Amino acid sequence: MSLVAESVEERSAPVPAAQDPTPSGTGLKPTVAEFFAGIGLVRMGLERADLRVVWANDIEPFKKQMYAAHFQDTEDKAFKLGDVADVRGEAMPADLSLAWASFPCTDLSLAGGRSGLAGKHSGTFWHFTRILKEMGDAAPSVVALENVTGLITSHGGADLIAAIQSLNDLGYSVDVLTIDARRFVAQSRPRLFIVGLQKPPAEKQEDNVELRPAQLDRFFNNPDLEMHRAALPKPPALRDSGLTEEVAEDLPDSDERWWDDARTAKFFAELSDLNQKRLEQRKRASSVAYRTAYRRTRNGKPAWEIRADDIAGCLRTARGGSSKQAMVRAGAGEFKVRWMTSLEYARLMGAGDYTMSVDLPTSQAVGGFGDAVCVPVVEWLARHYLARMIKDATEK
């Protein structure tokens with residue numbers, strides 16, 4: 001049987017537009033500057049929602065290489081390779097509608113050092129706000145930032161308060177919400193989104209707990225912060241399947257990427273009793289299915305853990321103490337193990353149609369996807385929130 005019965009492209013097809021985001025009378029799509037652009041998955045999501053990226057920046061050459069391989073107009077789009085610290089507000093494009101920043105999560109994630117916004121990597125947030133300040137009246141009416149949900153609790157919440165206050169100081173009212181990529185793809189990937197508006201909506205929404213869980217109430221209830229809750233639809237329900245049918249590459253047994261007998265035996269030996277029983281049970285099933293596995297250190301010894309469901313764990317890169325995921329194919333009396341492929345990473349990010357650079361090492365390709373933002377999440381947020389706020393700001 002085919003293990004890829006339905007493509008990820010079909011599952012992550014564009015969400016129906018809430019409304020036409022094109023400002024009345026202009027005939028042009030709203031323009032976006034994308035900070036920390038990585039390999040361009042945010043751009044993919046924004047462009048599905050009819051927003052137009054006209055400027056991008058990232059510091060890593062291999063990410064620009066991937067970006068340029070997929071977006072053939074990269075040079076025309078003014079991709080600025082280099083440190084965001086060297087970007088100046090007066091050099092930004094004119095008439096921007098939106099600035100998006102997926103600033104590094106290294107100092108905010110549980111896998112990192114938890115230095116917060118004072119850290120070397122996540123502290124680049126302050127360069128983003130500096131650039132907005134330098135833009136003055138030319139700053140966009142809408143800004144959006146994305147990071148790990150660890151920002152909510154970083155330094156007891158002080159880092160998120162500081163981030164909100166810095167945007168308030170620039171004239172933006174702030175909304176905060178969380179979206180798990182698992183609502184769209186077969187990957188557990190919760191992320192925090194911060195939306196700043198120069199002209200916040202009059203309506204507010206108190207009960208959308210799928211987007212604004214109770215742990216965010218302390219920020220909305222803080223009298224020292226200027227915040228809003230835009231009315232948004234409920235996002236799709238959390239998924240509990242899709243890895244086997246939509247993501248896994250159906251590699252033949254002869255493919256050299258499958259581990260040999262010795263390495264597979266070592267993998268099984270490094271499973272806990274619980275995980276060995278889980279694998280044996282899956283192996284005895286009549287149908288073949290895939291599961292993901294992480295290699296961790298338990299009591300000073302390497303240990304593998306297998307997910308029990310048909311969902312991948314959060315994709316990560318090697319930085320910050322995180323590890324790659326392995327794919328375990330089990331059923332019909334046998335099991336095999338290999339590392340997850342670049343295409344599987346792409347599919348889990350809702351980017352199954354991404355153009356892969358043939359001369360790029362697999363390790364860099366998966367690193368680019370592991371650092372990125374899930375495409376259909378960006379599209380959903382852009383269609384139901386950002387594009388609407390851009391249009392409202394233009395028409396007021």
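Student: How many cavities of 30 Å³ or more does the count give, and what makes a space a cavity?

Tutor: The count comes to 2 cavities of 30 Å³ or more. On a 1 Å grid over the protein atoms alone, a cavity is a set of points where a 1.4 Å probe fits but cannot get out, while a pocket is an open set with protein on both sides within 12 Å along at least five of seven lines; lining residues have an atom within 4 Å of a point. Grid points are joined across faces, edges and corners, and a volume is the space filled by probe spheres set on the points. The model is predicted: local features need pLDDT of at least 70 and side-chain atom pairs count only at pLDDT 80 or more, whereas totals for chains, interfaces and linings use all residues. Residues are numbered from 1 along each chain as its sequence is written, and side-chain values use heavy atoms, leaving out hydrogens and water.

Student: Which residues line the largest cavity, and what classes do they fall into?

Tutor: The largest cavity holds about 50 Å³ of space. Its lining includes Glu 146, Arg 189, Arg 191 and Phe 193. By class the lining has 7 nonpolar, no polar and 3 charged residues, where Ala, Val, Leu, Ile, Met, Phe, Trp, Tyr, Cys and Pro count as nonpolar, Asp, Glu, Lys and Arg as charged, and the others, Gly among them, as polar.

Student: Which element gives the largest share of the lining of the second largest pocket?

Tutor: The second largest pocket has a volume of about 440 Å³. Of its 22 lining residues, those closest to the centre are Lys 324, Met 340, Thr 362, Ser 363 and Val 366. Helix H11 gives the largest share, 4 residues. The lining divides into 8 nonpolar, 7 polar and 7 charged residues.

Student: Why is H4 called roughly parallel to H5?

Tutor: Helices (H or I, at least four residues) and strands (E, at least two) are DSSP runs, numbered from the N terminus. Axes are lines fitted to C-alpha atoms, for helices over the stretch in contact, and angles run from 0 to 180 degrees between N-to-C directions. Helix H4 (residues 125-135) and helix H5 (residues 158-169) pack at about 10°, with their axes 10 Å apart. H4 is therefore roughly parallel to H5, since angles under 35 degrees count as roughly parallel, over 145 as roughly antiparallel, 65 to 115 as roughly perpendicular and the rest as oblique. Contact means heavy atoms within 4.5 Å; Phe 125, Trp 126, Thr 129 and Leu 132 in H4 meet Ala 162, Ala 163, Ser 166 and Leu 167 in H5.

Student: What makes H8 oblique to H9?

Tutor: H8 and H9 pack at about 125°, with their axes 9 Å apart. That angle makes H8 oblique to H9. Phe 267, Phe 268 and Ala 269 of H8 make the contact with Gln 276, Leu 279 and Glu 280 of H9.

Student: How do you know that S8 and S9 pair?

Tutor: Two strands pair if DSSP finds at least two bridges between them. S8 and S9 have 6 bridges, in the antiparallel sense, and therefore meet that rule. Arg 295 stands opposite Trp 304 in S9.

Student: What makes S9 and S11 edge strands?

Tutor: The 4 strands form an open antiparallel sheet in the order S9-S8-S10-S11. Strand S9 (301-306) and strand S11 (334-339) each pair on one side only.
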